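Hi everyone, thanks for coming. Let me walk you through a structure that may be new to you, beginning with a space inside.

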Amino acid sequence: MKKAVVILSGGMDSTTAAFIAKQQGFKIVPLHFNYGQRTEKRELKAFNDICDFLGIENKYIVDIPFFKQIGGALVDENIEVPTDGIKPGIPVTYVPFRNGIFLSIAAAIAEKEGAEAIFIGVVEEDSSGYPDCTEEFIKHMQNAINAGTKPKTNIKLKTPLIHLKKEDIVKKALEVGVPLELTWSCYKEEDKACGVCDSCRLRLKGFEKAGIKDPISYVN
């Protein structure tokens, strides 16, 4: 059976990407990162809950403590996570080259596992403006993985959500059977989602435009 490493944060996007991989006939090898993010424990719970839902036991959980030294509001509690609405430009929640580091580790695991693909739930058109969520970035990472692995290794980067809007992702998630109540997107809180950080705003907007109620609880 063909295998795919899926970078799975426990959020709606990455979980939807995982279920798309399953729908396409891949055996999923889920990969999660603890990198000192504010909601590290809650994201790990979401990851484990989703793996349990899918009946997956072979999973990777990788700790990356040095992200604290790199900075960004997600890992530095001295920097406030913005709650006043999504604005143009790259927000302070950007962690430099985070997805590049994630994909490099995923490529190593994919080569070890003999996987044919790496799925990542990046979204270009409706993201927060992160440069490592763009199609151009993914193309360059694909070239780097091709150049940096054995000649017989053939790993394809899969980004099934990259051109979708959040409302389309909500609809796709329901179509492929994602248990949305198990996912977590909030940047700030681990009990109830804050409802006002960029990630919560994007998620709530997606559910609203899709005409569907978000099953998770919010403070606001």
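Let's start with what lines the largest cavity: by class, there are 16 nonpolar, 12 polar and 6 charged residues. Here Ala, Val, Leu, Ile, Met, Phe, Trp, Tyr, Cys and Pro count as nonpolar, Asp, Glu, Lys and Arg as charged, and the others, Gly among them, as polar.

A word on the source. This is a predicted model, in which local features need pLDDT of at least 70 and side-chain atom pairs count only at pLDDT 80 or more, while totals for chains, interfaces and linings use all residues. Residues are numbered from 1 along each chain as its sequence is written, and side-chain values use heavy atoms, with hydrogens and water left out.

Back to the cavity. By cavity I mean a set of points, on a 1 Å grid over the protein atoms alone, where a 1.4 Å probe fits but cannot get out; lining residues have an atom within 4 Å of a point. Grid points are joined across faces, edges and corners, and a volume is the space filled by probe spheres set on the points. The count is 1 cavity of 30 Å³ or more, and the volume of the largest is about 710 Å³. Of its 34 lining residues, Ser 9, Asp 13, Arg 98, Gly 121 and Tyr 187 lie nearest the centre. The elements giving two or more residues to that lining are α1 (12-23), β2 (27-34), α4 (98-113) and α7 (198-210). These names come from DSSP runs numbered from the N terminus: helices are H or I, at least four residues, and strands are E, at least two.

Two of those helices deserve a visit. How much of α1 is buried? Buried means under 20% relative accessible area, exposed over 50%, and partly exposed in between, with a 1.4 Å probe and protein chains only. In α1, 10 of the 12 residues are buried, so this helix is largely enclosed by the rest of the structure. Its buried residues pack against β1, β2, α2 (40-54), β4 (117-119), α6 and α7. After α1 comes Gly 25, with a positive phi near 90°.

Helix α7 has buried residues too, including Asp 198, Arg 203 and Phe 207. They pack against α1 and α6 (166-175). Gly 211 follows α7, and its phi is also positive, near 70°.

Now for the nonpolar cores, meaning sets of buried Ala, Val, Leu, Ile, Met, Phe, Trp, Tyr and Cys residues joined through side-chain atoms within 4.5 Å. The largest has 45 residues, and Val 5, Ile 7, Leu 31, Leu 103 and Ile 118 have the most contacts inside it. Helix α4 supplies the largest share, 7 residues. Another core, apart from that one, has 27 residues, among them Leu 8, Ile 20, Ile 28 and Val 178.

Ile 28 lies in strand β2 and is buried, with a relative accessible area of 9%. Its contacts (heavy atoms within 4.5 Å) beyond four places in sequence include Ala 4, Val 6 and Leu 54. Val 219 lies in the segment after α7 and is exposed, at 54%. Not counting residues up to four places away, Val 219 touches Lys 192, Ala 193 and Cys 194. Val 219 and Glu 189 are 30 residues apart in sequence and 9.1 Å apart in space, C-alpha to C-alpha.

Technical notes. On a 1 Å grid over the protein atoms alone, a cavity is a set of points where a 1.4 Å probe fits but cannot get out, and a pocket is an open set with protein on both sides within 12 Å along at least five of seven lines; lining residues have an atom within 4 Å of a point.
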